Amino acid sequence: MKRFLKSSFIMFLISALTCIGLTQSAQAVMIGTGEAGATAPSGRAHISALLERPDVQAQLENLGISKTDAQARVAALSDAEVAAVDNKIGSLPAGGDGIIGALVLIFVILLITDILGFTKVFPFTHPIQR
Amino acid sequence: MIWLKSGVLTLLILLSGCATQTSALLHEAPDTLPRRVELSGVPFFPQERYQCGPATLAMALQNSGVAIEPNALVEEVYVPKLEGSLQVEMLAAGRRNGAFTITIPTNLESLLTEVASGNPVVVLQNLGLSWIPRWHYALVVGYDLDQSEIILRSGTTLRLVMSLSTFEHTWERSGYWGMVALPPGQLPKTAQEAPSVAALIAFENGGSAKLARIAYRAALQRWPDNLQLMIGSGNTAAAEGDYLAAANAFQRATKHYPENVPAYNNLAMMLGKLGRYGEARIVAEKAVALGGPWHDAAMETLRSIEAVQH
């Protein structure tokens with residue numbers, strides 16, 4: 001039941017999310033290794049910018065993850081993982097920008113793990129309690 | 001508690017059917033697989049409450065030469081509200097601390113092959129039932145095919161000996177998730193090309209360019225024609241300021257993959273860094289001409305070269 005509620009909540013989050021358009025600054029850069037084999041640029045800059053938002057960071061901290069930890073965690077995702085997340089965000093229906101960071105955040109965290117296919121439920125561990 | 005646990009395990013076995021990989025392995029183990037292996041030198045950190053993730057990862061990292069204690073990993077992999085650690089973060093935290101982390105193929109033979117090669121494997125188990133999960137990370141450090149046993153560093157137990165078929169049941173419920181942490185420059189014995197390249201790119205993104213460069217070099221020896229490995233070795237060389245080596249790597253990529261815009265773009269950037277503006281411009285023009293999704297990036301590169309040239 002709890003899991004059902006959680007997944008319903010996630011579905012709500014996903015449908016409630018907005019598409020946030022961000023532009024990349026124009027300058028000559030090296031093309032990243034992960035992108036070199038892809039058919040299109042990945043959305044790393046897009047996702048990073050999303051996580052730069054103070055409201056998103058505040059929500060991360062609510063989960064017990066510090067701002068720097070959160071950024072490092074996202075930085076360590078592979079390009080394929082980032083592209084998967086970014087595609088999902090890009091395909092969401094556009095709407096107002098009034099959605100609070102919590103939604104964005106929970107969405108991103110759960111989506112990253114979900115898309116990777118590591119598990120279908122929440123892929124965190126509950127070790128044995130003795 | 002004990003009777004409850006064994007009751008649950010018995011029920012599990014009844015519910016899940018036979019451990020098929022175990023019986024296959026026991027009947028026809030590959031000749032290359034030693035009958036018995038135990039990596040006794042792998043360090044042990046007994047876990048604190050809920051914190052099997054950091055403890056297990058620390059054991060694997062220390063074994064790969066990264067001096068780190070579980071407490072230092074808690075912030076990196078442990079999500080307090082979830083009382084656990086995400087698999088993706090176990091991999092990422094290993095990378096950030098300088099070890100090359102990668103998941104292994106999802107089968108028992110690969111797991112035992114890695115252990116036999118000297119690589120302890122971090123495994124995710126579900127010690128409960130699929131609908132009452134009790135997720136747990138442990139480190140596989142040995143096995144004995146004749147006794148049908150597997151040996152783990154698990155929880156507060158230094159040397160947990162578990163029946164191989166019971167282990168298979170608990171491991172199956174995590175989708176046979178297992179990872180190794182290796183010193184950069186080493187690859188798992190069971191490594192396959194595509195997943196290895198993806199893991200190497202993640203290692204480059206999450207760790208130091210110096211270590212990633214070593215890792216790419218080793219991987220190129222195993223898969224010399226892989227485009228992304230060539231680009232990666234160039235990008236990491238460039239990040240280290242070794243522009244000549246980087247230019248050579250990209251040059252090689254353009255020879256093998258004459259349609260790849262990123263290879264030309266990055267080669268042009270490096271030639272520019274080396275002050276070879278004439279060549280850089282020709283290469284950048286080639287990148288622009290090939291265009292595709294990279295047209296804008298290539299255009300910026302060309303402009304920056306022209307700006308310096310004039």
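In the predicted model, the largest nonpolar core comprises 95 residues, among which Leu111(B), Val123(B), Ile150(B) and Phe167(B) touch the most other members. The greatest contribution to this core comes from helix α12 of chain B (residues 261–273), which supplies 8 residues. Both domain 1 (2–182) and domain 2 (209–309) of chain B give residues to the core, so it lies between them. In soluble globular proteins, nonpolar side chains tend to be buried together.

When residues up to four places away in sequence are not counted, Phe167(B) touches Leu108(B), Leu111(B), Val123(B), Gln125(B), Val140(B), Ile150(B), Leu152(B) and Met162(B). Two of the residues in this list, Val123(B) and Gln125(B), point one way from strand β5(B), together with Val121(B). Val122(B), Leu124(B) and Asn126(B) point the other way, and the residues of both sets are all buried. In a regular strand the side chains alternate between the two faces of the sheet. Because 6 of the 6 residues of β5 (residues 121–126) of chain B are buried, this strand is largely enclosed by the rest of the structure.

Strand β5(B) has pairing partners in β6(B) and β9(B). With β6 of chain B (residues 135–144), the pairing is antiparallel and extends over 6 bridges; here His136(B) is the bridge partner of Gln125(B). With β9 of chain B (residues 178–182), the pairing is likewise antiparallel, over 2 bridges, and Gly178(B) of β9(B) stands opposite Val123(B).

Leu108(B), which is touched by Phe167(B), is also in contact with Thr22(B). The latter residue, Thr22(B), belongs to helix α2 of chain B (residues 20–27) and counts as buried, with a relative accessibility of 3%.

For α9(B) (residues 209–222), the 14 residues should span 20 Å at 1.5 Å a residue, and the end C-alpha atoms are 20 Å apart, in agreement. The buried residues of α9(B) are Ala212(B), Arg213(B), Ala215(B), Tyr216(B), Ala218(B), Ala219(B) and Leu220(B). Their cover includes α8 (193–206), α10 (227–239) and α11 (243–256) of chain B, together with α2 (33–36) of chain A. An α-helix has 3.6 residues a turn, so residues three or four places apart point the same way.

Across chain B as a whole, the secondary structure comes to 14 helices and 9 strands. Of the 310 residues in this chain, 55% are buried. Among contacts in chain B with a separation of 6 or more, 62% join residues 24 or more positions apart. The accessible surface of chain B amounts to about 13000 Å², and carbon and sulfur atoms account for 54% of this area.

Technical notes:
Residues are numbered from 1 along each chain as its sequence is written. Chains are lettered from A and ligands numbered from 1 in the order in which they are written. This is a predicted model: local features need pLDDT of at least 70, side-chain atom pairs count only at pLDDT 80 or more; totals for chains, interfaces and linings use all residues. Side-chain values use heavy atoms; hydrogens and water are left out. A nonpolar core is a set of buried Ala, Val, Leu, Ile, Met, Phe, Trp, Tyr and Cys residues joined through side-chain atoms within 4.5 Å. Buried means under 20% relative accessible area, exposed over 50%, partly exposed in between (1.4 Å probe, protein chains only). Helices (H or I, at least four residues) and strands (E, at least two) are DSSP runs, numbered from the N terminus. Domain bounds come from an automatic or database domain assignment. Contact means heavy atoms within 4.5 Å. Two strands pair if DSSP finds at least two bridges between them. Accessible areas come from the Shrake-Rupley method with a 1.4 Å probe; for residues, only the protein chains shown count as cover. The expected span of a helix is 1.5 Å times one less than its number of residues.
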